[in-house]
Amino acid sequence: EVKYAVEKALEGYRVCIFAYGQTGSGKTYTMEGPEGDRGVNWRSLKHLFDLCEHERDTLFHVSMLEVYNEKIRDLLAPAGSEDAEDLEVRVTGGGASGRSGRRGPGKAGKGVHVEGLLECEVRDVHEVEELMALGSDHRSTASNNVNLHSSRSHLVMQVKITKGDGSSGLLNLIDLAGSERLKQTSAKGQRLKEAQNINKSLSALGDVIAALGSSQRHVPYRNSKLTFLLQDSLGPSSKVMMFVNVNPSLPS
């Protein structure tokens, strides 16, 4: 189901693959998976490596970040790095700026980037696994009435693909924080602030998708850090896929 979208990134497109759903519905399991049954992230990189096995001039760079309380944190930066706690999104020439303009694939050096974000070159799935473990360890989690290890942020794993002919693609693998009903989670204090920011950004993502789907002239990318970051990978010339995770044992 995912191969088509992954291969489009190799062709130079900007691709987003989301896992969306309530807290506790299995989004992180879907994207990361346990050691013996890896999820979408690891399998996607494995597929890319297999496709480029004989293409020595194709480079892969991986970065991992989280959007936590409307701040972008570098999950691969050394622990305690203050300059990696609140990174800024920059838009360079050719990127989207609130309109659903069309852009072709493979225009390197243009669009959206996170200033100061650490990018690590990877050559095989073992290096990917090490980075995934590091990023997951640094992610913000907490317990609530529904989930013992609830993710309190949106995790974005970005894979930049650069080919020898100068073309480039981008694969965004995104484990969204779970939507929450405050009545069920009884969140207070910091947990309440986190839940409010999570729900607000998910609502903003829905507004962007609705605006793109109805071909509105103005697309509200700037209403959240998540959509502002992904604006170049959600437009008409990109490829977007979403897993909707549903747990029937959770209250609706």
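## A walk through the fold

The chain folds into 7 helices and 11 strands, where helices are DSSP runs of H or I with at least four residues, strands are E runs of at least two, and both are numbered from the N terminus. Keep in mind that this is a predicted model, so to speak of local features we need pLDDT of at least 70, side-chain atom pairs count only at pLDDT 80 or more, and totals for chains, interfaces and linings use all residues. Residues are numbered from 1 along each chain as its sequence is written, and side-chain values use heavy atoms, with hydrogens and water left out.

Let's begin with the whole chain. Of its 252 residues, 50% are buried; buried means under 20% relative accessible area, exposed means over 50%, and partly exposed is in between (1.4 Å probe, protein chains only). Now take contacts, meaning heavy atoms within 4.5 Å. Among those between residues at least 6 apart in sequence, 69% join residues at least 24 apart.

Because 7 of its 9 residues are buried, β9 is largely enclosed by the rest of the structure. β9 pairs with β2 in the antiparallel sense over 9 bridges; strands count as paired if DSSP finds at least two bridges between them. Within that pairing, Ser63 has Gln158 of β9 as its bridge partner. β9 also runs antiparallel to β10 (residues 168-175), joined by 8 bridges, and here Ile161 stands opposite Gly169 in β10. The hairpin of β9 and β10 has 5 residues between the strands, and Gly166 in this hairpin takes a positive phi near 95°.

Next, go to helix α1, residues 3-10. Its buried residues are Ala5, Val6, Lys8, Ala9 and Leu10. Their cover includes β1 (14-21), α3 (40-51), β9, β10 and β11 (239-245). After α1 comes Gly12, with a positive phi near 110°.

What about the nonpolar cores? A nonpolar core is a set of buried Ala, Val, Leu, Ile, Met, Phe, Trp, Tyr and Cys residues joined through side-chain atoms within 4.5 Å. The largest has 32 residues, of which Ile17, Met157 and Leu171 touch the most other members. Two or more residues of this core come from each of α1, β1, α3, β2, β6 (120-122), α4 (125-138), β9 and β10, and α3 gives the most, with 5 residues. Leaving aside neighbours within four places in sequence, Ile17 is in contact with residues including Val2, Ala5, Val6, Leu171 and Phe243. A second, separate core has 27 residues, including Val114, Ile174, Val208 and Leu212.

Glu70 has a positive phi, near 65°, and lies in the loop between β2 (59-68) and β3 (71-74). Glu70 counts as partly exposed because its relative accessibility is 23%. Ser215 also has a positive phi, near 55°, in the loop between α6 (189-213) and α7 (225-230). With a relative accessible area of 61%, Ser215 is exposed.
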